[in-house]
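Hi,

Here is the structure I promised to pass on. Have a look at it first, and my notes on what turned up follow below.

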Amino acid sequence: MPTWVQLVYLACAVCFILALKGLSGPRTARAGNLIGAGAAVVAVVVPFIYLDLDHVPLIVAAIAVGTLGGVVGARKVQMTQMPQMVALFNGVGGGAAALVALLELQEMVPHEESVGWFTFAATAFTILVGSVSFSGSIITFAKLQELMTSRPVVFPGLPIVFGGAGVASIVLGVLTVTGPAVTIGVVLALLGLLVGVLLVLPVGGADVPIVISLLNAFTGLTVAAGGYVLSNVVLLVAGTLVGASGTYLTLLMAKAMGRSVSNILFGALKGGSTLGAGEASDRPVKSAGPEDVAILLGYADRVIIVPGYGLAVAQAQHTLRELVDVLGDRGTKVDYAIHPVAGRMPGHMNVLLAEAQVPYEQLVEMDHINGDFKTTDVVLVVGANDVVNPAAKTTPGAPIYGMPILNADEARQIVFMKRSMRPGFAGIENELLFDPKTTLLFGDAKDSLGKLLSAVKSL
(Lines give C-alpha, C1' and ligand atoms only; values in the text may rest on other atoms or scores of the structure.)
Protein backbone atom coordinates (compact mmCIF):
# COMPACT_ATOMS: atom_id res chain seq x y z
CA MET A 1 0.00 0.00 0.00
CA PRO A 2 1.59 3.32 -1.07
CA THR A 3 2.44 5.84 1.62
CA TRP A 4 0.01 8.40 0.23
CA VAL A 5 -2.83 5.86 0.51
CA GLN A 6 -1.94 5.15 4.12
CA LEU A 7 -1.98 8.89 4.85
CA VAL A 8 -5.37 9.30 3.17
CA TYR A 9 -6.76 6.38 5.17
CA LEU A 10 -5.34 7.89 8.35
CA ALA A 11 -7.06 11.19 7.53
CA CYS A 12 -10.34 9.32 6.94
CA ALA A 13 -9.96 7.60 10.30
CA VAL A 14 -9.44 10.95 12.01
CA CYS A 15 -12.54 12.28 10.24
CA PHE A 16 -14.57 9.35 11.61
CA ILE A 17 -13.45 10.25 15.12
CA LEU A 18 -14.36 13.90 14.54
CA ALA A 19 -17.72 12.83 13.10
CA LEU A 20 -18.53 10.80 16.20
CA LYS A 21 -17.58 13.74 18.39
CA GLY A 22 -19.78 16.02 16.30
CA LEU A 23 -22.73 13.66 16.68
CA SER A 24 -22.52 14.02 20.46
CA GLY A 25 -24.33 17.38 20.38
CA PRO A 26 -27.31 18.76 18.42
CA ARG A 27 -25.50 21.91 17.31
CA THR A 28 -22.62 19.97 15.70
CA ALA A 29 -24.49 16.84 14.62
CA ARG A 30 -25.13 17.94 11.02
CA ALA A 31 -21.48 18.89 10.47
CA GLY A 32 -20.34 15.65 12.11
CA ASN A 33 -22.60 13.63 9.84
CA LEU A 34 -21.24 15.35 6.72
CA ILE A 35 -17.62 14.85 7.83
CA GLY A 36 -18.20 11.14 8.41
CA ALA A 37 -20.04 10.68 5.12
CA GLY A 38 -17.33 12.55 3.20
CA ALA A 39 -14.59 10.41 4.75
CA ALA A 40 -16.51 7.24 3.83
CA VAL A 41 -16.82 8.38 0.20
CA VAL A 42 -13.07 9.08 0.02
CA ALA A 43 -12.26 5.69 1.56
CA VAL A 44 -14.42 3.96 -1.07
CA VAL A 45 -12.93 5.90 -4.00
CA VAL A 46 -9.23 5.43 -3.10
CA PRO A 47 -9.00 1.71 -4.04
CA PHE A 48 -10.15 2.56 -7.58
CA ILE A 49 -7.12 4.85 -7.90
CA TYR A 50 -4.25 2.71 -6.64
CA LEU A 51 -5.44 -0.89 -7.18
CA ASP A 52 -5.88 -2.86 -10.37
CA LEU A 53 -9.37 -4.09 -9.54
CA ASP A 54 -11.23 -6.95 -11.18
CA HIS A 55 -14.99 -6.86 -11.86
CA VAL A 56 -15.12 -3.07 -11.76
CA PRO A 57 -18.54 -2.88 -13.51
CA LEU A 58 -20.07 -5.15 -10.87
CA ILE A 59 -18.50 -3.11 -8.06
CA VAL A 60 -19.76 0.15 -9.53
CA ALA A 61 -23.22 -1.36 -10.02
CA ALA A 62 -23.28 -2.46 -6.38
CA ILE A 63 -22.24 1.02 -5.23
CA ALA A 64 -24.96 2.57 -7.40
CA VAL A 65 -27.63 0.26 -5.93
CA GLY A 66 -26.45 1.01 -2.40
CA THR A 67 -26.38 4.75 -3.04
CA LEU A 68 -29.89 4.68 -4.50
CA GLY A 69 -31.16 2.69 -1.52
CA GLY A 70 -29.54 5.11 0.91
CA VAL A 71 -30.94 8.21 -0.80
CA VAL A 72 -34.46 6.76 -1.04
CA GLY A 73 -34.31 5.61 2.58
CA ALA A 74 -33.10 8.99 3.82
CA ARG A 75 -35.82 10.88 1.95
CA LYS A 76 -38.79 8.54 2.28
CA VAL A 77 -38.48 6.91 5.70
CA GLN A 78 -40.45 8.71 8.42
CA MET A 79 -38.95 9.57 11.81
CA THR A 80 -41.23 6.95 13.34
CA GLN A 81 -39.59 4.32 11.11
CA MET A 82 -36.02 5.38 11.77
CA PRO A 83 -35.23 2.52 14.21
CA GLN A 84 -36.31 -0.02 11.58
CA MET A 85 -34.06 1.62 9.00
CA VAL A 86 -31.15 1.64 11.45
CA ALA A 87 -31.77 -2.06 12.10
CA LEU A 88 -31.77 -2.84 8.36
CA PHE A 89 -28.62 -0.86 7.61
CA ASN A 90 -26.91 -2.38 10.62
CA GLY A 91 -27.87 -5.89 9.52
CA VAL A 92 -26.57 -5.27 6.02
CA GLY A 93 -23.24 -4.16 7.49
CA GLY A 94 -22.91 -7.28 9.60
CA GLY A 95 -23.90 -9.54 6.72
CA ALA A 96 -21.42 -7.85 4.38
CA ALA A 97 -18.61 -8.27 6.90
CA ALA A 98 -19.44 -11.97 7.27
CA LEU A 99 -19.45 -12.52 3.49
CA VAL A 100 -16.12 -10.72 3.06
CA ALA A 101 -14.63 -12.86 5.83
CA LEU A 102 -15.86 -16.03 4.10
CA LEU A 103 -14.22 -14.94 0.85
CA GLU A 104 -10.99 -14.15 2.69
CA LEU A 105 -11.12 -17.57 4.34
CA GLN A 106 -11.38 -19.15 0.90
CA GLU A 107 -8.26 -17.24 -0.15
CA MET A 108 -6.33 -18.09 3.03
CA VAL A 109 -7.00 -21.83 3.26
CA PRO A 110 -4.56 -22.83 0.46
CA HIS A 111 -1.85 -20.76 2.19
CA GLU A 112 -2.65 -21.59 5.80
CA GLU A 113 0.99 -22.31 6.60
CA SER A 114 1.87 -18.65 6.10
CA VAL A 115 -1.23 -17.21 7.82
CA GLY A 116 -1.10 -16.58 11.55
CA TRP A 117 -3.56 -18.19 13.91
CA PHE A 118 -4.84 -14.80 15.07
CA THR A 119 -5.86 -13.90 11.52
CA PHE A 120 -7.93 -17.08 11.31
CA ALA A 121 -9.41 -16.29 14.73
CA ALA A 122 -10.38 -12.79 13.58
CA THR A 123 -11.91 -14.30 10.44
CA ALA A 124 -13.97 -16.80 12.43
CA PHE A 125 -15.11 -14.02 14.76
CA THR A 126 -16.19 -11.86 11.81
CA ILE A 127 -18.13 -14.70 10.19
CA LEU A 128 -19.94 -15.66 13.41
CA VAL A 129 -20.74 -12.25 14.90
CA GLY A 130 -21.52 -10.70 11.50
CA SER A 131 -24.07 -13.46 10.86
CA VAL A 132 -25.58 -12.98 14.33
CA SER A 133 -25.89 -9.25 13.67
CA PHE A 134 -27.49 -9.81 10.25
CA SER A 135 -30.20 -12.24 11.29
CA GLY A 136 -30.86 -10.52 14.62
CA SER A 137 -31.25 -7.16 12.90
CA ILE A 138 -33.72 -8.62 10.41
CA ILE A 139 -35.86 -9.91 13.29
CA THR A 140 -35.77 -6.53 15.06
CA PHE A 141 -36.80 -4.87 11.80
CA ALA A 142 -39.72 -7.27 11.44
CA LYS A 143 -40.83 -6.64 15.02
CA LEU A 144 -40.74 -2.84 14.77
CA GLN A 145 -42.31 -2.85 11.30
CA GLU A 146 -45.06 -5.11 12.68
CA LEU A 147 -44.32 -7.79 10.09
CA MET A 148 -44.38 -10.12 13.10
CA THR A 149 -45.54 -9.74 16.68
CA SER A 150 -43.57 -7.27 18.78
CA ARG A 151 -44.16 -9.44 21.83
CA PRO A 152 -41.49 -11.88 23.02
CA VAL A 153 -41.53 -15.18 21.13
CA VAL A 154 -40.55 -18.13 23.31
CA PHE A 155 -40.99 -21.86 22.96
CA PRO A 156 -40.18 -24.87 25.14
CA GLY A 157 -36.51 -25.71 24.95
CA LEU A 158 -35.44 -22.33 23.58
CA PRO A 159 -32.64 -21.89 26.15
CA ILE A 160 -31.33 -25.37 25.33
CA VAL A 161 -31.37 -24.76 21.57
CA PHE A 162 -29.78 -21.33 22.01
CA GLY A 163 -27.10 -22.69 24.32
CA GLY A 164 -26.39 -25.63 22.02
CA ALA A 165 -26.07 -23.35 18.98
CA GLY A 166 -23.75 -21.06 20.93
CA VAL A 167 -21.49 -23.91 22.05
CA ALA A 168 -21.42 -25.38 18.54
CA SER A 169 -20.48 -21.95 17.15
CA ILE A 170 -17.54 -21.69 19.54
CA VAL A 171 -16.37 -25.21 18.60
CA LEU A 172 -16.54 -24.39 14.90
CA GLY A 173 -14.71 -21.12 15.55
CA VAL A 174 -11.89 -23.07 17.18
CA LEU A 175 -11.85 -25.53 14.27
CA THR A 176 -11.57 -22.60 11.85
CA VAL A 177 -8.30 -21.72 13.58
CA THR A 178 -6.88 -25.23 14.04
CA GLY A 179 -8.06 -26.77 10.76
CA PRO A 180 -9.40 -24.03 8.49
CA ALA A 181 -11.81 -25.01 5.74
CA VAL A 182 -14.40 -23.11 3.75
CA THR A 183 -17.08 -25.69 4.64
CA ILE A 184 -16.52 -25.05 8.33
CA GLY A 185 -16.82 -21.31 7.70
CA VAL A 186 -20.14 -21.74 5.89
CA VAL A 187 -21.58 -23.90 8.69
CA LEU A 188 -20.32 -21.34 11.21
CA ALA A 189 -22.16 -18.59 9.32
CA LEU A 190 -25.38 -20.64 9.29
CA LEU A 191 -25.10 -21.27 13.02
CA GLY A 192 -24.52 -17.55 13.51
CA LEU A 193 -27.77 -16.82 11.66
CA LEU A 194 -29.60 -19.22 13.99
CA VAL A 195 -28.04 -17.68 17.10
CA GLY A 196 -29.05 -14.20 15.93
CA VAL A 197 -32.68 -15.24 15.47
CA LEU A 198 -32.84 -17.04 18.83
CA LEU A 199 -31.18 -14.08 20.56
CA VAL A 200 -33.80 -11.56 19.42
CA LEU A 201 -37.01 -13.63 19.38
CA PRO A 202 -37.49 -13.46 23.20
CA VAL A 203 -37.13 -9.65 23.18
CA GLY A 204 -40.27 -7.57 22.95
CA GLY A 205 -41.85 -4.19 23.36
CA ALA A 206 -39.68 -1.28 24.38
CA ASP A 207 -36.61 -3.53 24.66
CA VAL A 208 -36.24 -3.93 20.89
CA PRO A 209 -34.44 -0.59 20.25
CA ILE A 210 -31.90 -1.49 22.94
CA VAL A 211 -31.15 -4.75 21.16
CA ILE A 212 -30.71 -2.80 17.91
CA SER A 213 -28.02 -0.77 19.66
CA LEU A 214 -26.35 -3.97 20.89
CA LEU A 215 -26.40 -5.50 17.40
CA ASN A 216 -24.97 -2.27 16.06
CA ALA A 217 -22.04 -2.76 18.44
CA PHE A 218 -21.69 -6.33 17.15
CA THR A 219 -21.49 -5.06 13.58
CA GLY A 220 -18.83 -2.55 14.58
CA LEU A 221 -16.74 -5.28 16.16
CA THR A 222 -17.04 -7.46 13.05
CA VAL A 223 -15.97 -4.56 10.83
CA ALA A 224 -12.97 -3.94 13.11
CA ALA A 225 -12.01 -7.62 12.98
CA GLY A 226 -12.49 -7.57 9.20
CA GLY A 227 -10.23 -4.53 9.02
CA TYR A 228 -7.52 -6.52 10.80
CA VAL A 229 -7.93 -9.44 8.37
CA LEU A 230 -7.76 -7.10 5.36
CA SER A 231 -5.01 -4.91 6.89
CA ASN A 232 -7.27 -1.90 6.36
CA VAL A 233 -6.84 0.83 8.97
CA VAL A 234 -10.05 2.64 7.97
CA LEU A 235 -12.20 -0.42 8.66
CA LEU A 236 -10.29 -1.10 11.86
CA VAL A 237 -10.79 2.41 13.25
CA ALA A 238 -14.38 2.81 12.03
CA GLY A 239 -15.39 -0.60 13.38
CA THR A 240 -13.77 0.06 16.73
CA LEU A 241 -15.59 3.39 17.02
CA VAL A 242 -18.95 1.81 16.21
CA GLY A 243 -18.32 -1.14 18.50
CA ALA A 244 -17.26 1.01 21.45
CA SER A 245 -19.96 3.66 21.04
CA GLY A 246 -22.65 1.03 20.39
CA THR A 247 -21.69 -0.84 23.55
CA TYR A 248 -21.71 2.34 25.63
CA LEU A 249 -25.04 3.42 24.15
CA THR A 250 -26.54 0.01 24.95
CA LEU A 251 -25.45 0.31 28.57
CA LEU A 252 -26.83 3.86 28.80
CA MET A 253 -30.19 2.78 27.35
CA ALA A 254 -30.38 -0.19 29.72
CA LYS A 255 -29.63 2.14 32.63
CA ALA A 256 -32.37 4.50 31.43
CA MET A 257 -34.75 1.53 31.50
CA GLY A 258 -33.55 0.61 34.98
CA ARG A 259 -32.56 -2.90 33.90
CA SER A 260 -29.51 -4.95 32.96
CA VAL A 261 -28.65 -5.99 29.41
CA SER A 262 -28.97 -9.66 30.36
CA ASN A 263 -32.46 -9.03 31.73
CA ILE A 264 -33.42 -7.23 28.52
CA LEU A 265 -32.17 -10.11 26.37
CA PHE A 266 -33.44 -13.01 28.44
CA GLY A 267 -36.04 -11.47 30.76
CA ALA A 268 -38.95 -12.88 28.75
CA LEU A 269 -37.85 -16.40 29.66
CA LYS A 270 -39.01 -15.61 33.20
CA GLY A 271 -41.63 -12.97 32.39
CA GLY A 272 -39.47 -9.86 32.88
CA SER A 273 -39.52 -8.25 29.44
CA THR A 274 -41.45 -5.14 28.44
CA LEU A 275 -44.15 -7.09 26.68
CA GLY A 276 -46.20 -4.44 24.91
CA ALA A 277 -49.60 -4.85 23.22
CA GLY A 278 -51.77 -4.39 26.35
CA GLU A 279 -55.53 -3.90 26.27
CA ALA A 280 -57.27 -0.52 26.44
CA SER A 281 -58.64 0.42 29.87
CA ASP A 282 -62.34 1.08 30.47
CA ARG A 283 -61.83 2.87 33.80
CA PRO A 284 -63.41 6.33 34.03
CA VAL A 285 -61.13 9.35 33.49
CA LYS A 286 -61.53 13.13 33.47
CA SER A 287 -61.46 14.53 29.94
CA ALA A 288 -61.86 17.99 28.48
CA GLY A 289 -61.98 19.83 25.17
CA PRO A 290 -59.31 22.07 23.61
CA GLU A 291 -60.92 25.25 25.01
CA ASP A 292 -60.69 24.04 28.62
CA VAL A 293 -57.11 22.90 28.20
CA ALA A 294 -56.25 26.22 26.54
CA ILE A 295 -57.37 28.06 29.68
CA LEU A 296 -55.10 25.88 31.83
CA LEU A 297 -52.12 26.56 29.57
CA GLY A 298 -52.87 30.19 28.75
CA TYR A 299 -52.88 31.34 32.36
CA ALA A 300 -49.99 29.17 33.60
CA ASP A 301 -46.66 30.72 34.54
CA ARG A 302 -44.67 27.50 34.08
CA VAL A 303 -45.38 24.71 31.58
CA ILE A 304 -43.35 21.61 30.78
CA ILE A 305 -43.96 19.62 27.58
CA VAL A 306 -43.30 15.85 27.66
CA PRO A 307 -43.05 14.64 24.03
CA GLY A 308 -43.32 10.97 23.07
CA TYR A 309 -43.73 8.53 20.23
CA GLY A 310 -47.31 9.67 19.57
CA LEU A 311 -46.00 13.12 18.66
CA ALA A 312 -43.76 11.53 16.04
CA VAL A 313 -46.54 9.34 14.65
CA ALA A 314 -48.84 12.34 14.23
CA GLN A 315 -46.03 14.50 12.80
CA ALA A 316 -47.27 17.23 15.11
CA GLN A 317 -43.93 18.75 16.12
CA HIS A 318 -44.40 21.92 14.05
CA THR A 319 -47.83 22.64 15.55
CA LEU A 320 -46.46 21.99 19.03
CA ARG A 321 -43.65 24.48 18.46
CA GLU A 322 -46.20 27.11 17.33
CA LEU A 323 -48.19 26.51 20.51
CA VAL A 324 -45.07 26.90 22.65
CA ASP A 325 -44.18 30.13 20.82
CA VAL A 326 -47.65 31.56 21.50
CA LEU A 327 -47.42 30.61 25.18
CA GLY A 328 -43.97 32.20 25.34
CA ASP A 329 -45.36 35.42 23.89
CA ARG A 330 -47.91 35.42 26.72
CA GLY A 331 -45.07 35.30 29.27
CA THR A 332 -45.23 31.58 30.06
CA LYS A 333 -41.93 29.79 30.64
CA VAL A 334 -42.00 26.57 28.60
CA ASP A 335 -39.45 23.75 28.33
CA TYR A 336 -39.44 20.28 26.78
CA ALA A 337 -38.58 17.43 29.13
CA ILE A 338 -36.58 14.81 27.20
CA HIS A 339 -36.44 11.26 28.54
CA PRO A 340 -33.43 9.20 27.34
CA VAL A 341 -35.64 6.51 25.77
CA ALA A 342 -38.64 8.62 24.72
CA GLY A 343 -39.77 7.54 21.27
CA ARG A 344 -38.10 4.50 19.80
CA MET A 345 -34.40 5.34 20.04
CA PRO A 346 -32.03 7.70 21.85
CA GLY A 347 -32.24 11.23 20.49
CA HIS A 348 -35.55 10.53 18.74
CA MET A 349 -37.31 13.48 20.38
CA ASN A 350 -34.30 15.77 19.98
CA VAL A 351 -34.19 15.16 16.22
CA LEU A 352 -37.97 15.38 15.86
CA LEU A 353 -38.13 18.74 17.62
CA ALA A 354 -35.04 20.02 15.82
CA GLU A 355 -36.99 19.46 12.58
CA ALA A 356 -39.49 22.02 13.89
CA GLN A 357 -36.70 24.53 14.69
CA VAL A 358 -37.22 24.22 18.45
CA PRO A 359 -34.37 26.06 20.22
CA TYR A 360 -31.89 23.66 21.74
CA GLU A 361 -32.04 25.60 25.01
CA GLN A 362 -35.65 24.47 25.49
CA LEU A 363 -34.74 20.77 25.29
CA VAL A 364 -33.91 19.74 28.86
CA GLU A 365 -32.71 16.25 29.79
CA MET A 366 -34.54 14.27 32.47
CA ASP A 367 -31.90 14.62 35.19
CA HIS A 368 -31.87 18.41 34.83
CA ILE A 369 -35.63 19.00 34.75
CA ASN A 370 -37.05 16.46 37.20
CA GLY A 371 -36.63 18.88 40.10
CA ASP A 372 -38.76 21.52 38.31
CA PHE A 373 -42.01 19.55 38.17
CA LYS A 374 -42.97 20.46 41.77
CA THR A 375 -43.12 24.13 40.81
CA THR A 376 -44.77 23.57 37.42
CA ASP A 377 -48.34 24.72 36.85
CA VAL A 378 -49.14 22.40 33.93
CA VAL A 379 -47.40 19.41 32.37
CA LEU A 380 -48.55 18.70 28.82
CA VAL A 381 -47.85 15.08 27.87
CA VAL A 382 -47.99 14.68 24.09
CA GLY A 383 -47.98 11.08 22.94
CA ALA A 384 -45.81 9.79 25.79
CA ASN A 385 -46.84 7.19 28.35
CA ASP A 386 -44.28 4.84 29.88
CA VAL A 387 -41.73 7.61 30.55
CA VAL A 388 -44.18 9.25 33.03
CA ASN A 389 -45.79 6.09 34.41
CA PRO A 390 -45.51 6.05 38.23
CA ALA A 391 -45.54 2.23 38.13
CA ALA A 392 -41.82 2.50 37.47
CA LYS A 393 -41.47 3.74 41.05
CA THR A 394 -44.43 2.18 42.87
CA THR A 395 -45.18 -1.24 41.39
CA PRO A 396 -42.58 -3.98 41.93
CA GLY A 397 -42.99 -6.63 39.27
CA ALA A 398 -44.16 -4.18 36.61
CA PRO A 399 -42.19 -4.50 33.33
CA ILE A 400 -40.82 -0.97 33.73
CA TYR A 401 -40.23 -1.09 37.50
CA GLY A 402 -36.94 0.60 38.33
CA MET A 403 -36.86 2.66 35.14
CA PRO A 404 -36.09 6.34 35.86
CA ILE A 405 -39.08 8.43 34.77
CA LEU A 406 -40.04 12.07 34.41
CA ASN A 407 -41.75 13.25 37.60
CA ALA A 408 -44.84 14.58 35.83
CA ASP A 409 -47.02 13.37 38.71
CA GLU A 410 -45.51 16.08 40.94
CA ALA A 411 -46.91 18.97 38.86
CA ARG A 412 -50.00 20.92 39.92
CA GLN A 413 -51.95 19.90 36.79
CA ILE A 414 -51.31 17.23 34.15
CA VAL A 415 -52.81 17.26 30.66
CA PHE A 416 -52.52 14.01 28.71
CA MET A 417 -52.98 14.11 24.95
CA LYS A 418 -53.87 10.57 23.83
CA ARG A 419 -55.54 8.98 20.86
CA SER A 420 -57.16 6.30 23.03
CA MET A 421 -56.88 4.59 26.40
CA ARG A 422 -54.51 1.94 25.07
CA PRO A 423 -51.39 1.58 27.20
CA GLY A 424 -47.87 2.52 26.14
CA PHE A 425 -45.26 0.30 24.55
CA ALA A 426 -44.71 -1.53 27.86
CA GLY A 427 -48.31 -2.75 27.73
CA ILE A 428 -49.39 -1.69 31.25
CA GLU A 429 -51.86 0.86 32.58
CA ASN A 430 -50.63 4.28 33.62
CA GLU A 431 -52.15 5.24 36.98
CA LEU A 432 -51.30 8.87 36.25
CA LEU A 433 -54.22 8.89 33.80
CA PHE A 434 -56.61 8.37 36.71
CA ASP A 435 -55.02 10.94 39.02
CA PRO A 436 -57.48 13.70 40.07
CA LYS A 437 -54.97 16.28 38.79
CA THR A 438 -54.97 14.74 35.30
CA THR A 439 -57.13 15.88 32.38
CA LEU A 440 -57.20 13.92 29.11
CA LEU A 441 -57.52 15.49 25.68
CA PHE A 442 -58.43 12.72 23.26
CA GLY A 443 -57.71 12.76 19.53
CA ASP A 444 -54.93 12.78 16.97
CA ALA A 445 -52.05 14.84 18.38
CA LYS A 446 -51.73 17.08 15.33
CA ASP A 447 -55.45 17.80 15.12
CA SER A 448 -55.77 18.36 18.88
CA LEU A 449 -52.74 20.63 19.00
CA GLY A 450 -54.14 22.66 16.10
CA LYS A 451 -57.40 23.20 17.96
CA LEU A 452 -55.52 23.93 21.16
CA LEU A 453 -53.36 26.48 19.37
CA SER A 454 -56.43 28.30 18.03
CA ALA A 455 -58.06 28.28 21.45
CA VAL A 456 -54.96 29.73 23.14
CA LYS A 457 -54.71 32.49 20.51
CA SER A 458 -58.33 33.47 21.15
CA LEU A 459 -57.85 33.94 24.91
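I call a residue buried when its relative accessible area is under 20%, exposed when it is over 50%, and partly exposed in between (1.4 Å probe, protein chains only). By that rule Thr-126 is buried, because its relative accessibility is 1%.

Before the rest, some housekeeping. This is a predicted model, so local features need pLDDT of at least 70 and side-chain atom pairs count only at pLDDT 80 or more, while totals for chains, interfaces and linings use all residues. Numbering runs from 1 along each chain as its sequence is written, and side-chain values use heavy atoms, with hydrogens and water left out.

Back to Thr-126, which sits in helix H5 (helices, H or I, of at least four residues and strands, E, of at least two are DSSP runs, numbered from the N terminus). Setting aside neighbours within four places in sequence, its contacts (heavy atoms within 4.5 Å) include Ala-97, Ala-101, Thr-222 and Gly-226.

Beyond four places in sequence, Lys-143 is in contact with residues including Met-148, Arg-151, Pro-152, Val-200 and Val-208.

Cheers
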